[in-house]
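Reader: I would like to learn how to read the packing of helices in a model. Where do we begin?

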Amino acid sequence: MTVTTEATKRHYDEPPLEEAIFELFVRPSGSRFAEQGERLAKLLPAYSGKQESLEDFNVFFKLGPGKSVAQGLNHSARRRRLWNPEQTRAVQLGAEMCTHNVRKPYGHFEDHFDAIKQLFATYLEVMEPQQLGWAGQRYINIVKLPSESSPSDFFEIYPRLPTSLPQRHRHPPFAVQVETAEFEQGNVVVNLSLLEVRAAIAVYAIDVYARSSDAVGLDIDALMAWQRLAHSAIGKSFELTITNNARKLFKEKP
């Protein structure tokens, strides 16, 4: 995987990337999704592998003075997920959104650019949404560190603790969220979280997420121009998050 920063391009032989997600959220046109979903599936022959029907659920809780907790479950959006035969890429489709998901091995952003553009263009043509909600780009990285190591040696955004305190991995839940970049019509937030501590390793997630404003609009060329800007900002944000020790861990190649 190659990450582009302002000064240089960095290549890692063993990048921590688990999944990249390219999102498009819209205000639905009001049409029923079942028929349109079938049409979309036929227009996306690259995703002819496993198909899944998904349904979101909204869970809500109410707590009043002197009252017990009341909880409820509302049915929400129905979606379809289509995989390519190798199950390395997927698209998720719904009345209000579509995403392009890429599992490792990822390669490079340019390897997926045309597929993302085709997906978004097809979705816009079939669904005819009224308005953009937002576009998004997300990179989920999983980092495994020796349990006896100090996390601040690998993560620039990990809190610097006083030397009098143990410099060790705190047991979950632990999370740090930092806004790392602003760019034209968007911003980037990095979430660093400790997932688990085993006998010999500590497992962290670096979740880097860029989100647009609705000013981008629904023009396909504008959407893809934004994805390029977002990718550059995400690369810079990732590099701001890690130290040279992490780069050695990911086997940076000059």
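Author: We begin with a definition: a crossing is right-handed if the near helix is turned clockwise from the far one by less than a right angle, and left-handed if anticlockwise. This is a predicted model. In this model H1 passes H2 in a right-handed crossing.

Reader: Which residues of H1 and H2 make the contact?

Author: From H1 come Phe33, Gln36, Arg39 and Leu40, and from H2 come Thr122, Tyr123, Glu125, Val126 and Met127. Sorted by type, the residues of this contact are five nonpolar, two polar and two charged.

Reader: What describes two packed helices?

Author: The angle between their axes and the distance between the axes. For helix H1 (residues 33-42) and H2, the angle is about 140° and the axes are 10 Å apart.

Reader: How many residues does the largest nonpolar core have?

Author: That core has 62 residues, and Leu93 and Tyr204 have the most contacts inside it. Helix H2 (residues 109-127) gives the most to this core, with ten residues. Across the protein, 44% of the 254 residues are buried.

Reader: Is Arg247 buried or exposed?

Author: The cut-off for buried is under 20% relative accessible area. Arg247 has 9%, so Arg247 counts as buried. Arg247 lies in helix H4 (residues 244-249).

Reader: Which residues does Arg247 touch, not counting those up to four places away in sequence?

Author: Arg247 touches Arg10, Tyr12, Glu239, Ile242 and Glu252.

Reader: How many helices and strands does the protein have?

Author: The protein has four helices and twelve strands.

Conventions:
Residues numbered from 1 in each chain as written. Predicted model: local features only at pLDDT ≥ 70, side-chain atom pairs only at ≥ 80, totals over all residues. Heavy atoms only, no water. Helix = DSSP H or I, 4+ residues; strand = E, 2+ residues; numbered from the N terminus. Buried < 20%, exposed > 50% of the residue type's maximum accessible area, 1.4 Å probe, protein only. Core = buried A, V, L, I, M, F, W, Y, C linked by side-chain atoms within 4.5 Å. Contact = heavy atoms within 4.5 Å. Axes fitted to C-alpha atoms, helices over the stretch in contact; angles between N-to-C directions. Nonpolar A, V, L, I, M, F, W, Y, C, P; charged D, E, K, R; others polar.
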